[in-house]
Amino acid sequence: MPSDALFLVLLGGPGAGKGTQAERLSEILGIPQVSTGELFRENLKKETELGLLAKGYMERGELVPDEVTVGMVRERLSRADARKGAILDGFPRTIAQAEALEELLVEMDHQLAVVPNIQVPDDVLLARLAGRWTCRKCGAMYHQLFSPPQEEGVCDRCGGELYQRPDDTPDTQKHRIEVYKEQTAPLIDYYREKGLLAEVDGRPGIDKIQAELLEIVRGL
Ligand code: AP5
Ligand code: MG
Ligand code: ZN
């Protein structure tokens with residue numbers, strides 16, 4: 001009998017707003033945000049073996065190998081706070097990762113509830129990435145035009161310092177979008193065929209998209 005836990009995957013290109021929405025949904029729904037990008041960045045900061053392995057791939061805007069990524073997610077989902085579910089942000093990103101996730105969830109006696117796909121055109125993705133600022137301490141996300149902090153360079157939530165991600169150079173941004181199209185976009189059809197996909201227009205403001213995502217989750 002599948003559990004009543006809630007597991008969802010947020011799909012969308014780089015800058016679509018996966019992290020922004022995952023953070024908000026996590027707070028509202030009381031289940032953790034599991035962002036593989038964030039987990040790699042934490043490992044990088046602590047200079048763990050995993051972080052050092054991921055470093056080059058991330059700097060180039062390439063995907064970290066599947067086995068490494070899947071192993072990291074397996075460990076994260078085995079922690080107690082993920083028993084009630086999780087909002088997966090940035091994972092899976094390849095068909096092989098999606099298949100591994102399915103196996104993982106079966107092992108845990110869970111299943112995916114829904115996969116919202118946040119659709120945003122390339123020019124908007126680039127504009128969002130170019131203005132993004134992230135809190136070094138708590139990971140909160142800001143945008144210099146669309147959701148600026150009250151005080152420049154300082155996090156509203158925790159007072160931490162805001163920084164720009166090293167993989168947000170114009171060349172890497174463009175490359176991440178190409179990698180997304182080649183390796184991750186096939187997941188849209190994959191999940192559509194499984195009847196799990198929910199299309200979300202990612203162009204409106206953050207609050208509107210949040211409301212739409214909540215409607216999808218509450219309608220399950
Ligand atoms: P990751 O950290 O996942 O980066 P990404 O996919 O490139 O996505 P982003 O985090 O850049 O965008 P987002 O969709 O979260 O947008 P955000 O909410 O910040 O991955 C980084 C790297 O790690 C990868 O390149 C790879 O090397 C590695 N990696 C990670 N996962 C992996 C995996 N599964 N397999 C292999 N390798 C992996 O929003 C962007 C900006 O827009 C913000 O400033 C925000 O304030 C603003 N904004 C958001 N929504 C709106 C809105 N509706 N209107 C206006 N502004 C908005
Ligand atoms: Mg993100
Ligand atoms: Zn903060």
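This is a predicted model: local features need pLDDT of at least 70, side-chain atom pairs count only at pLDDT 80 or more; totals for chains, interfaces and linings use all residues.
**Stop 1: the zinc ion.** Select the zinc ion (ligand 3) and show the residues around it. Its protein donors are the SG atoms of C135, C138, C155 and C158, at 2.3 to 2.4 Å from the ion. What arrangement do the 4 donor atoms around the zinc ion make? The angles they subtend run from 98 to 114 degrees, so the arrangement is tetrahedral. Now look at the sequence: the donor residues follow the spacing C-x2-C-x16-C-x2-C.

C135 is buried, with a relative accessible area of 3%.

**Stop 2: S26.** Select S26, which sits in helix α1, residues 18–29. Is S26 buried or exposed? Its relative accessibility is 18%, so S26 counts as buried. Show its side chain, which reaches the backbone oxygen of I31 at 2.8 Å. Leaving aside residues up to four places away in sequence, S26 touches I31, P32, Q33 and I87.

**Stop 3: K194.** Select K194 in the loop that runs between α8 (186–193) and β8 (197–201). With a relative accessibility of 39%, K194 counts as partly exposed. K194 and V114 are 80 residues apart along the chain, and their C-alpha atoms are separated by 10.0 Å.

Definitions and conventions: Residues are numbered from 1 along each chain as its sequence is written. Chains are lettered from A and ligands numbered from 1 in the order in which they are written. Side-chain values use heavy atoms; hydrogens and water are left out. Donors are N, O and S atoms within 2.8 Å of the metal (3.2 Å for Na, K and Ca); water is not among the atoms, so sites may look incomplete. Four donors count as tetrahedral if all angles lie between 85 and 135 degrees; four count as square planar and six as octahedral if opposite donors are over 155 degrees apart and all others between 65 and 115; anything else is irregular. Buried means under 20% relative accessible area, exposed over 50%, partly exposed in between (1.4 Å probe, protein chains only). Helices (H or I, at least four residues) and strands (E, at least two) are DSSP runs, numbered from the N terminus. A polar contact is a pair of N or O atoms within 3.5 Å; within protein, one must be able to donate a hydrogen and the other to accept it, and residues adjacent in sequence count only if both atoms are side-chain atoms. Contact means heavy atoms within 4.5 Å.
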